[in-house]
Amino acid sequence: MLEVRGISRSFGNHLIVNDISFSVASGTILALLGPNGCGKSTTLKVLSGALPPTAGEYWIDGHTGRSDSARRAIGYVPDTRGIFPRLTGREHIDLAARLHRAGRTPDETEDLVESLGLMEVIDIPAAAYSHGQSRRLSLAMALVPNPPVLLVDEPFDGVDPEGVDTITELLIEARARGAAIVLTTHLLDAAVIADQVAVFHHHALVGPFPTADLLSTHGSLRQAWSELSHPVQT
């Protein structure tokens, strides 16, 4: 569903993402782990079509990376708000459905909005939203078209524990519907929902590895992150 081969991205002489490759099948979650500035957000910006790669190729749902067909196959939750202050939450969700030319039924959309705790603010301008509400609105916009590929950058950032549980459930539901999901997170406990985990080291990826194998070998994702991002030199 998502195939990435040798993607790099530079800004001037500064290499941000270095020759990364991975694939994510339908009904699979891949978690990308790493500190701020390692290239996680840049990777998702490239895959969403927001940035062109400096080198490499990628395919989304069988379409070449930056084609219109590929973009319509993506639901993207950026690391920043990604919303328009003057539009209401409902207008954002309607816009997302129209741009993708697909979407949930009205009843399904209402259920999604309610599950994300947005019903009380859905008809007011997004300028009045808190950071956590903005994050949940961005996720609703990404989920409402039922995209085959979902790119989610730090979905739990600024979200309370109850919201973390809700977002986790929605990502699991999207996987069950067959979505190929790439998420970044600093919350290692949340990354346990992933089927595969990859760790950034010097702007390159180590992995992906099956999550179950990492837990078996390292005991925890925190230990795996520590050891894979600081490999022993021989």
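Let's start in strand β2, residues 14–24, where Asp19 has its place. This is a predicted model, and in it Asp19 carries a positive phi of about 55° even though it isn't a glycine. Why pick that out? Because most residues other than glycine have a negative phi, and most peptide bonds are trans.

The peptide bonds have something to show too. Gly207 and Pro208 are joined by a cis peptide bond, with omega at about 10°. If you want to find the spot, Pro208 is in strand β10, which covers residues 204–210.

Next, have a look at helix α8 (residues 211–218) and helix α9 (residues 221–229). These two pack at an angle of about 85°, and their axes are 8 Å apart. Angles from 65 to 115 degrees count as roughly perpendicular, so α8 and α9 are roughly perpendicular to each other.

Which residues do the touching? On the α8 side you'll find Thr211, Leu214, Leu215 and His218, and they meet Leu221, Gln223, Ala224, Glu227 and Leu228 from α9. Sorted by class, this contact has five nonpolar, three polar and one charged residues.

## The α3 and α5 pair

Now for α3 and α5. Their axes come within 8 Å and cross at roughly 30°. Angles under 35 degrees count as roughly parallel, which means α3 is roughly parallel to α5. As for handedness, the crossing of α3 and α5 is right-handed.

In this contact, α3 brings Gly89, His92, Ile93 and Ala96, while α5 answers with Leu137, Ala140 and Met141. By class, the contact of α3 with α5 comes out as five nonpolar and two polar residues, with no charged ones.

## The largest pocket

Both of those helices turn up again around the largest pocket. Four elements each supply at least two residues of its lining: α2 (68–72), β6 (74–77), α3 (89–100) and α5 (131–143). Which one gives the largest share of the lining? That would be α3, with four residues.

The largest pocket has a volume of about 540 Å³, and 18 residues line it. If you're zooming in, the lining residues nearest its centre are Ile74, Tyr76, Leu99, His100 and Met141. By class, the lining of the largest pocket has 10 nonpolar residues, six polar ones and two charged ones.

Notes. Residues are numbered from 1 along each chain as its sequence is written. This is a predicted model: local features need pLDDT of at least 70, side-chain atom pairs count only at pLDDT 80 or more; totals for chains, interfaces and linings use all residues. Side-chain values use heavy atoms; hydrogens and water are left out. On a 1 Å grid over the protein atoms alone, a cavity is a set of points where a 1.4 Å probe fits but cannot get out, and a pocket is an open set with protein on both sides within 12 Å along at least five of seven lines; lining residues have an atom within 4 Å of a point. Grid points are joined across faces, edges and corners, and a volume is the space filled by probe spheres set on the points. Ala, Val, Leu, Ile, Met, Phe, Trp, Tyr, Cys and Pro count as nonpolar, Asp, Glu, Lys and Arg as charged, and the others, Gly among them, as polar. Axes are lines fitted to C-alpha atoms, for helices over the stretch in contact, and angles run from 0 to 180 degrees between N-to-C directions. Angles under 35 degrees count as roughly parallel, over 145 as roughly antiparallel, 65 to 115 as roughly perpendicular and the rest as oblique. A crossing is left-handed if the near helix is turned anticlockwise from the far one by less than a right angle, and right-handed if clockwise. Contact means heavy atoms within 4.5 Å.
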